[in-house]
Each structure stands twice: as structure tokens, then as C-alpha cells.
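Please look over the sequence and the model first, then read the points below.

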Amino acid sequence: MHILYQQGPCEELFASAMFILKRQDVEISMIQHPKKEDRQVPILYYQGQTFRLITVFKASEEEEAKTFWKSLTDNRGKACVLLEEPERYTIWGKVKLDQISDDTGNHSKTDVLTLGAITLLQAVYLDIEDLLGNRQATLFAKDITGILQQKQFPDISSADAVKSFLTEDLLQMSQMPTWQETHVILLLEELHKLGKTYFGDTNFAHQLDERLQDMPEEEQELFISWLKKSPLNKLWH
């Protein structure tokens, strides 16, 4: 077990340290989801406390995992641990078992980035519909469909598939499209160009916190943290 000392608000045993744990340091078991009979939830036990899985990073993404983990403890004051496993890094947030909610999940970093990108896509679409009318919203849907198909995005087989991305409750989606980080970057670049064409300026690309408010808090933090360090930071902020 490695311990990195830091200053900042945390809880109880985390008052003065952030923990990188090894697999042998903890116990992990599956419990029944309180609201979904067909779903089980992984729970990490450490020193009498319980943690739910927030997100998963590849073994090659060690620095990104540590950066996100530190952002949760430094910026959000959350009690969380980083688990170092042979083939991945996982981040777990402290939770009481009776507080496990529907957003408890096992989302990879790529899933979170995809969710963030589609959330922004929906926000732009809804703004066009509200401010410019249904006709312009229909044209926008046609334009974005053409872009995604031309760029050969996975899981974009038809205009109906894109329409579901524009209107569906993303937190209820059974499965994220199988995009890579490069797809997310490309989508956000094209969405920015298209939004500027429709609105005539780039104000739509500001106020990310407000536009991403429907995302779970930790996933929103991860997406914004990634965005700030990417070339897209100059476009979306």
C-alpha cells in the first residue's frame, strides 16, 4: 500500500492521506442492487468502511487515474481510494450500503467520455430546438447524422440511431456506443463547428457545468478534467 499525504478536506481515516491500495489490501464482493433485481453491485471493503466503484482506467492510464483520483479528493473533498490491479486502476468512493443508487456502475473512462460528448450533443440539439425552432432542429439532426456516418462512427447504422442519441435519457441507456477517445474528440470538434454555424457564435460551448448537470457528479468531474487537458479546451470551456 502506498500513501500520498495531502492537505485538504477529507473524511475520517482519509483526514490526512489518500490511499493507493493493492488488491490484497481490500475485500471486494458483489451485493444485490437495492432497486434492480437483475443487477449486482461490486463493493470494496477497507478498514470497516465500504466503497462503491466509480470508474475504471486501463493499466496504461496510471497518471490519468491518479489525476482524477486527486481531483475528487482535492476539489470535491471526497473520501475515495485508488485500487492498483495488475491490468487496470479502479477508483472507489465511500458509500453507505443503504445509499447505493441507480448511478452505481462500472463505467470505463471511455464510456464516461462518450457519455459526456453525447450529453453536450443533446444540449446543443435542445438549444437549437428551443431557440431556433423544430425546422432548424431537424436540419441539425440531419447534419450531425451525415457527419457521424461519413466519419464511420461505430453504432451509427441509421438516422434513427442518431435520433435516439439526441433525445433518449442517457442515464437509462442500456449500453454506450463503442467509441474510442478519438471518436469523442472528433465529435466535439465537429459539434463545435456545426453549433457555430447554427447559432452564429460560440456561446453555446460555454458553461459546461450547467450543460453536464445531468451526469453523475464523479463522471462529470472526470469528463471536465479530461477536456481541460485536451486540445478541445480552447473550444469547450
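In which loop is the place of Gln152? Gln152 sits in the loop between α3 (134-150) and α4 (159-167).

The model is predicted, so local features need pLDDT of at least 70 and side-chain atom pairs count only at pLDDT 80 or more, while totals for chains, interfaces and linings use all residues. Residues are numbered from 1 along each chain as its sequence is written, and side-chain values use heavy atoms, with hydrogens and water left out.

**Overall make-up**

- The chain holds seven helices and eight strands; helices (H or I, at least four residues) and strands (E, at least two) are DSSP runs, numbered from the N terminus.
- Of the chain's 237 residues, 48% count as buried; buried means under 20% relative accessible area, exposed over 50%, and partly exposed in between, with a 1.4 Å probe and protein chains only.
- Among contacts with a separation of 6 or more, 66% are made by residues 24 or more positions apart; a contact means heavy atoms within 4.5 Å.

- Strand β4 (residues 40-46) is mostly covered, with five of its seven residues buried.
- β4 and β5 pair in the antiparallel sense over four bridges; two strands pair if DSSP finds at least two bridges between them.
- Across this pairing, Leu44 stands opposite Phe51 in β5, and Tyr46 has Gln49 in β5 as its bridge partner.
- The hairpin of β4 and β5 has two residues between the strands, and Gln47 in this hairpin takes a positive phi near 50°.
- β5 is also joined to strand β7 (residues 88-94) by seven bridges, and these two strands run antiparallel.
- Arg52 lies in strand β5, and its bridge partner in β7 is Gly93.
- Arg52 counts as buried, at 12% relative accessibility.
- Between the C-alpha atoms of Arg52 and Ile28, which are 24 residues apart along the chain, the separation is 9.8 Å.

**Nonpolar cores**

- The largest nonpolar core has 53 residues, and those with the most contacts inside it are Phe140, Leu188, Phe223 and Trp236.
- The largest share of this core, 10 residues, is supplied by α2.
- Apart from this core lies another, of 10 residues, among them Leu21, Phe51, Leu53 and Leu83.
- A nonpolar core is a set of buried Ala, Val, Leu, Ile, Met, Phe, Trp, Tyr and Cys residues joined through side-chain atoms within 4.5 Å.
- Leaving aside neighbours within four places in sequence, Phe140 has contacts that include Leu121, Val124, Tyr125 and Ile128, as well as Leu166, Leu191, Leu194 and Tyr198.

**The second largest pocket**

- Rolling a probe the size of a water molecule over the atoms shows where empty space is left.
- On a 1 Å grid over the protein atoms alone, a pocket is an open set of points where a 1.4 Å probe fits, with protein on both sides within 12 Å along at least five of seven lines; lining residues have an atom within 4 Å of a point.
- The second largest pocket contains about 310 Å³ of space, a volume being the space filled by probe spheres set on the points, which are joined across faces, edges and corners.
- The lining of this pocket has 15 residues, and Thr119, Ala123, Glu210, Arg211 and Asp214 are the closest to the centre.
- α2 (109-132) and α6 (208-211) each supply at least two residues of the lining, and the largest share, five residues, comes from α2.
- The lining divides into six nonpolar, four polar and five charged residues; Ala, Val, Leu, Ile, Met, Phe, Trp, Tyr, Cys and Pro count as nonpolar, Asp, Glu, Lys and Arg as charged, and the others, Gly among them, as polar.

**Residues in loops**

- Most residues other than glycine have a negative phi.
- Gln152 has a positive phi, near 60°, and is exposed, with a relative accessible area of 66%.
- Gln207, in the loop between α5 (181-199) and α6, has a positive phi of about 55° although this residue is not a glycine.
- Gln207 counts as exposed, at 55% relative accessibility.
- Ala79, in the loop between α1 (62-75) and β6 (80-84), is buried, with a relative accessible area of 4%.
- Ala79 and Val95 are 16 residues apart in sequence and 9.0 Å apart in space, C-alpha to C-alpha.
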